[in-house]
Amino acid sequence: MRTETEQTIYLKDYAPTPYRIVSVELDFKILEDNTRVRAQLTIEPREGTAPGTPLVLDGDELKLNSVALDGAPLVLSAYASDANSLTLVEPPHRRFVLETEVTLDPAANTKLMGLYRSSGTWCTQCEPEGFRRITYYLDRPDVLAPFKVRMSAPLALAPVLLANGNLVDQGDLGDGMHFAVWEDPFLKPAYLFALVAGDLGSISDSFTTMSGRQVALGIYCTHGKESECLYAMDSLKRSMAWDERRFGREYDLDVFNIVAVSDFNFGAMENKGLNIFNDKLVFARPETATDANYHSIERVIAHEYFHNWTGNRITCRDWFQLCLKEGLTVFRDQEFTSDERSRPVQRIHDVQNLRTSQFPEDGGPLAHPPRPDSFREINNFYTTTVYEKGAEIVRMLATLLGEAGFRKAMDLYFERHDGEATTIEAFIKVFEDASGRDLSQFATWYLQAGTPQIGVSDSYDAQSQTYTLTLTQKVDPTPGEPTKKPLLIPVRFGLIGPNGSPMGWNAVSGGTVEGDLILLDSETTTISFTGVANKPVPSLFRGFSAPVKVTSSLGQEDLLFLARHDSDPFNRWDALQTASTTLIANAAQGKSWTDGEVDALRQALVDTLDNPDLDDAFKAQAIDIPAETVVGRHIGKDVDPDAVAAARKDLVKALVGPIADKLADLYRSLEVTDPYSPDAGQAGRRSLRNGLLSLLATGSDLGADLATRQYNNATNMTDRYAAMAISARNWTEGAPALLGDFRTRFAGDPLVFDKWLTASAQAPDAGVIERMRATLAAPDFPRTNPNRLRSLLGSFVMSNPVQFTRTDGLGFRFITEAVASIDKVNPQVASRILTGFRILPTLEAGRREAGIEALKALREQHTLSRNVGEILDRILA
Ligand code: 0A1
Ligand code: ZN
């Protein structure tokens, strides 16, 4: 295979740069055809740097026009330059000013890193290593400097000129050109640099901070979309208020701007004072956005805003520490949504997400620790492990320290590290110092990959009224880590008596129990509880207190007992999930369920639906039968996705059959007649109604018609999309017509087109690949837009296991061929789609071989980017 470069970067090689950048002045001349960037970097050697040490600045695909030192052009022998670096052979041993000029072609930048154009708007993406595509620089997060940015552009093309910080000057330059100067007083790494120039509409608002300062808020977008930004603005103001309340964090500039763009590699970016967003995470109106879209907008607006403290004011020393800002910020956005909406419902949502994406990553060829110690391409490490497992680790710290202890530690973190680029070690140290606890064993969570598997066994001695619980922990080997250390695992728990109420105990021996927490710190922990009057049912890992898999000793009967009686809503939900996952997994492996098992599960579902004390959103989650991919993961190896799909369908039929009319009545009764609102109450009602529709479509004859009717009568996108997607996933007779109508009805709206692409890619019928090929080959398919590509191809690999893993290899080859062509345009998007192949080791041999063959062909037949090359090698290793 030929890839760009094969170099591996190691954390152990970290060393500070020999020079520091004291200040940065940038001048952008933006013209229709190209952009000229002049940089004035004031630089000085760090203490201890030997005279004559070369200064090596990073570049990436740059074209150098000129270079000068302290105002005088540099002679050729004083520097060396190519597209990827600029080296001053022997810089002065004192403070000096380096001036460079480069010319960029933003319109040709399809990688969407650095300065590029999206629908005519000039915008930037610099995290993690995009700034080096704008100018030669020490492009790493531990180089912090104040930035002043001057930009000029044609007024007609770019009346709006934005950058980080505060606007300090602007004016007309004649000849149709104008300029603006922005200054950011806060020291920042280059990855937080941003600039936007374009013809944009906007909405504005303001926020008064807790110390009484006024902050001007703006959201910029394509003209005509302004009213679709109002929910994002509302979310922003709520985020600002919440961060003051929960963490005492106040915003620090006079301006906070957000810009929505159509071409973006991720969800959004936290550039200081100028967040840039994928427009799908800003625009919302009821007719085109679903409740889930509103929920994501609220969450991501909050996430990027919260980065101002956890990421910007305190940043990462190097990219191995990415989890320092991302895990913590995801934890913060999860907490925000929990406080704004329903805590149990949000927790279930987050755990579902962890189980469907992080667990498969952690148990497959792409497993890596939240803080990795080597990489070839850092862009491949913006993973669910760094983000979501990272958040779980912070949540465990919060659990261990308690609410007040956690807040005290966070206060210390902000106080101690404000203005610094720091590390996971320093973060842990703060928690140790604030709590007096030794967290050295806990730190292993950051350093070790793999999901711990917890074994549970128990016994009860009636005579001595002693209940004994034995918990074991084990982590399977992951790539490069054959042996594993035991972790410190907090288990929030309770014991439940035969009548369903909580049980107490007199004394505990054999392990560490703090209140309702058991702390596991070794491979096996046996704890005895005395004074337990009856044999209890244990409720373990309440609220999902640790990111582990539990192999429970509980049978179906005990699980359904928990589903009814546990005071912990998470464990009630989880008991139902485990009960149905086990039945489907066993059936897919030839061990069918008994009528009694299905009757009991059905009754538990009905009792949940009938319970007036539970809210609709929770009920919707409770009746959700685990996806095929979740069951496949539970089986773990030699998985036959056809058998799993068939078993899942059979179980839903068996559950729904006798109660189809009751479910249909309930479905009808839940129609929302009030005007649309995205609030949690209304959204919960819709999700329950759509959950029922899904059960009816898979498990009875009633669903297909109900879905068609719902589609036609829908007054909002949530209901219309659900009806179409449910029809497509069950490939009902009406599905092709609904997909056809949807496509024409919303032609011209790219974000709605994404919904069509997603639903189309999930159709389980044998014709799906042919249809996707035709979609991709259409001359007007926007091949360079990440959202379109991810909606079609990402949805297919992640949620259509039956067709993706076909035995004839057609699904695998469809994806590898697409990846090869996308890689030439946008390697980040290509490599992310390729990660879907991490499923291979879990598949039965025929499918696995077909997948490996497709990957080998990709490696042999194409010149691949470093991004794709690394993922490919790790999966094939
Ligand atoms: N820091 C952002 C994520 C992000 C990473 C890379 C990007 O472009 C390649 C864009 C955004 C976040 O956590 O939201
Ligand atoms: Zn983030």
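Strands E21 and E22 pair in the antiparallel sense over two bridges. Helices (H or I, at least four residues) and strands (E, at least two) are DSSP runs, numbered from the N terminus. Two strands count as paired if DSSP finds at least two bridges between them. The model is predicted: local features need pLDDT of at least 70, side-chain atom pairs count only at pLDDT 80 or more, and totals for chains, interfaces and linings use all residues. Residues are numbered from 1 along each chain as its sequence is written, while chains are lettered from A and ligands numbered from 1 in the order in which they are written.

Within this pair, Met269 has Ile276 of E22 as its bridge partner. The hairpin of E21 and E22 has four residues between the strands. Gly273 in this hairpin takes a positive phi near 70°. Strand E22 (residues 274–278) also pairs with strand E20 (residues 255–261). That pairing is parallel and runs over five bridges. Here the bridge partner of Val261 is Asn278 in E22.

E22 is mostly covered, with five of its five residues buried. A residue is buried if 20 or more other C-beta atoms lie within 10 Å of its own, exposed if 12 or fewer, and partly exposed in between; C-beta atoms are placed from the backbone. Both faces of E22 are covered. Leu274, Ile276 and Asn278 are buried on one side, and Asn275 and Phe277 on the other.

Asn257 lies in strand E20. Asn257 counts as buried because it has 24 C-beta neighbours inside 10 Å. Asn257 and Leu274 are 17 residues apart in sequence, yet their C-alpha atoms are 4.8 Å apart in space. Not counting residues up to four places away in sequence, Asn257 touches Leu162, Gly218, Tyr220, Gly273 and Leu274. Two residues are in contact if their C-beta atoms, placed from the backbone, lie within 7 Å.

The ligand is surrounded by Gln125, Glu127, Asn265, Phe266, Gly267, Ala268, Met269, Glu270, His303, Glu304, Glu326 and Tyr382. A residue is near the molecule if its C-beta atom, placed from the backbone, lies within 6 Å of it. By class, the shell has four nonpolar, four polar and four charged residues. Ala, Val, Leu, Ile, Met, Phe, Trp, Tyr, Cys and Pro count as nonpolar, Asp, Glu, Lys and Arg as charged, and the others, Gly among them, as polar.

Four strands form an open antiparallel sheet in the order E11-E12-E17-E14. Strand E11 (114–118) and strand E14 (160–163) stand at the edges with a single partner strand each, so one side of each has no neighbour in the sheet. Neighbouring strands of this sheet are turned by 15° against each other on average, direction ignored. Axes are lines fitted to C-alpha atoms, for helices over the stretch in contact, and angles run from 0 to 180 degrees between N-to-C directions.

Five bridges join E11 to strand E12 (residues 121–125), and the two run antiparallel. Ser118 has Thr121 of E12 as its bridge partner. Leu115 stands opposite Thr124 in E12. E11 and E12 form a hairpin with two residues between them. Ser119 in the turn has a positive phi of about 45°. Four of the five residues of E11 are buried.

A further open sheet has five strands in the order E31-E34-E27-E26-E36, with mixed pairing. Strand E31 (507–509) and strand E36 (549–551) stand at its edges; each has a single partner strand, so one side is left without a neighbour in the sheet. Neighbouring strands are turned by 25° against each other on average, direction ignored. Strand E26 (residues 453–461) and strand E27 (residues 466–474) pair in the antiparallel sense over nine bridges. Val456 has Leu471 in E27 as its bridge partner.

The chain holds 26 helices and 37 strands. Buried residues make up 51% of its 877 residues. Among contacts between residues at least 6 apart in sequence, 71% join residues at least 24 apart.
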